[in-house]
Every structure is written in C-alpha cells, then in structure tokens.
Amino acid sequence: MEANLQYIARYSARDNPPPRDDTGEGNFTMDHAYGNREYAALREKIKHGDTHSQEKYLNSLCARLHKPENVIMALDSDILSALLFNLTHSSHDVRLFAMEALCLIATVPRGREEVIRNQVVSSVAKGPLRDDHDDIRLNTYLFYANVSMSRDGCHALIDSLTVNSLIKLLSSESEHMRNKEQMLVAVNNCLKLNPEHALPLRTMDIILNEIRRFFTPTLPIPASTGSDSYEIISLAENGAVLTGLSKLHIRLLGLYIEGINALGLLFEGKRQACMLGAVEVLVKLLGMLIIIWHTIEAVYTSSSFSSSSSL
C-alpha cells in the first residue's frame, strides 16, 4: 500500500504518464492516478468548452468508456456532472453523445450505483426521454434498460415514476421498433420485481393493444443496419410475400408476452387479463405463428426439393 501511495504522489501530473509496476500490485493505482487527472481535464472541456469542442471531447469519452476500468476512472473524476449538464444542450450531437456515455456507464455495476446515487434516472426523464430526435430517445431507453439490470436500478425506475412514463409512451413509439424493444426490456425488469405499481396504469390493456397491431395487414418495417439486420422473415413465391414479420417483431412479441406473464402473477392481473380478452388475443397470436411456421417450412422444403432435383 505504501508503494502505491508513493506512485500516486509522484506521478499525478497529466504530462507524465506513470510507469508500469512489474509486481502487478500497483498497476491499477498508478494508472488511476494518471487517469483521474486526465478525466478531470476532459470533464472541464465537456462542461465549459464551445459546442464543437464539447462534441469532440464527448465523442472521445464515449470511445474510452467501452472499457470498465475507464468507466471507474471517469466516475472518480465526477464525469456525471458534466454529462448531466449537457442533457439539455441545444446541439443534437452533444445530447446524443451525453446519453451514449450514460448508456456505457450504466453497463458497469459501479456505474449503475453512481447513476442511482446521483439521481440521474429522474434527470434523464426530464429531458432526453421526450427528445424530438429518435436516436436520442433510443439511447435514453437503452440507458434505462441497462439501469434495470440491477435490483436497485429497478427500484430507482419505480420510485422515480420513470417506469410509469415508459409504460405510457409504449403506444407513442409504434413506428420505432428498436426504441420500443429497449423500453420493454426496462419495463419488464421492473414488472418482474414489482408488478403491482403497473396495474392501475392500464399496462395490460396497452400490451394487448400492441399485440393486436400484429394482426393488421401492415406492420412498421424496421430498417436494416449492418450485421444486426432485422431482415424480414418473408419468403416470396411468385412475387407474393407470405409473411411480414421481422426478427425484431418476433423479439417484441416475446417481450409483450413476458410482460403479460409478470402481470398475471397477481390476482388483479389475472382478473384484468380475463376482462380484456387476453386469452383470445394470445390464442389468435399462437395460431398466426403456427401458420407462419408451417408456411416457411413448406417453402423451404419445396425449395430444397427443387435444388436436389436440379442436381
């Protein structure tokens, strides 16, 4: 311990990166001493720089926060104060990067603890949760999904009434499937912990209405992006699309059913499910999925047979 304290005293200046300690005992402490100074300077530039500088340094911060050890050093340098300061910035990119940084911080247990302790959950609900830009709202929902991964995080979402807002916003994000996916992750984690608070909010009715949207002939088609392309699970025969469900649609259905299960654990939840026709909706959904499965299976079998015949 004494050696580590000496290293901190000697190598705390930003311009002098600390040497490595071959014993392995003081590596983290020495880097931490250097990192604290570096992140403290970064915090000031993010908080008090001009808009262009803020965008540049926030982008740099996000690149670093992918490593848990960097998250810890940033937290020790009070980076949260700078991020919260920029949640209502006039620049779209500044707000976007600030929310991205909070998402990354919330992936680490220590980060979730600091987010809860500093009441970041309620601060985010006052601004980014209702931002006009889809990408900022997506980062906001992802942040809440990460926070809800811990029991204390779920309590923070429930106690701040943030989960109530998420439930009410479910219907408004009907055209943005990815946003809805992250919202449902956060909502379901809270429902598993304490479903009672959600029953007076018409949660069962909202979820069932969202499932009923899948019975309509047209569904919002999520955009395809890179390796995680939510391509349509549809097989064309003579130019006709047989199904219109994407992988993302299937995931959303799973999340809706998960929410119904959580609510159904309570007597009041069962009563609401019966009154609102949950059984009929789920039976219809099951029938639709069975038809889709048989259709896909038949087309694949037919195409496989055609390929083998041509050989």
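Biologist: In which loop is Asp78 found?

Modeller: This is a predicted model. Phi of Asp78 is near 60°, a positive value in a residue other than glycine. Asp78 is found in the loop between helix H4 (68-76) and helix H5 (79-85).

Biologist: Is Asp78 buried, partly exposed or exposed?

Modeller: Buried means under 20% relative accessible area and exposed means over 50%, with partly exposed in between. The relative accessible area of Asp78 is 40%, so Asp78 is partly exposed.

Biologist: Which loop holds Arg202, and what is the phi of Arg202?

Modeller: The loop that contains Arg202 runs between helix H12 (177-193) and helix H13 (203-212). Arg202 is not a glycine, yet its phi is positive, at about 60°.

Biologist: How many residues of H9 are buried?

Modeller: Helix H9 (134-147) has 14 residues and reaches 20 Å from its first C-alpha to its last, close to the 20 Å expected at 1.5 Å a residue. Among its buried residues are Arg137, Asn139, Thr140 and Asn146, together with Phe143 and Tyr144. H9 is largely enclosed by the rest of the structure, because the number of its 14 residues that are buried is 10.

Biologist: Against which helices do the buried residues of H9 pack?

Modeller: Tyr144 is one of the buried residues of H9. Leaving aside neighbours within four places in sequence, Tyr144 is in contact with Val121, Val124, Ala125, Leu129, Leu157, Thr162, Leu166 and Ala186. The helices against which the buried residues of H9 pack are H6, H7, H8, H10, H11 and H12.

Biologist: Which residues of helix H10 are buried, and which helices are included in what covers them?

Modeller: Helix H10 spans residues 151-159, and its buried residues are Gly153, Cys154, Ala156, Leu157 and Ile158. H10 is followed by Leu161, whose phi is positive, near 65°. The cover over the buried residues of H10 includes helix H7 (109-117), helix H8 (120-126), H9, helix H11 (162-169) and H12.

Biologist: What percentage of the contacts with a separation of 6 or more joins residues 24 or more positions apart?

Modeller: The protein has 16 helices and 2 strands, and 46% of its 311 residues are buried. Its accessible surface comes to about 16000 Å², with 55% belonging to carbon and sulfur atoms. Among contacts with a separation of 6 or more, the share between residues 24 or more positions apart is 68%.

Note on methods:
Residues are numbered from 1 along each chain as its sequence is written. This is a predicted model: local features need pLDDT of at least 70, side-chain atom pairs count only at pLDDT 80 or more; totals for chains, interfaces and linings use all residues. Side-chain values use heavy atoms; hydrogens and water are left out. Contact means heavy atoms within 4.5 Å. Helices (H or I, at least four residues) and strands (E, at least two) are DSSP runs, numbered from the N terminus. Buried means under 20% relative accessible area, exposed over 50%, partly exposed in between (1.4 Å probe, protein chains only). Accessible areas come from the Shrake-Rupley method with a 1.4 Å probe; for residues, only the protein chains shown count as cover. The expected span of a helix is 1.5 Å times one less than its number of residues.
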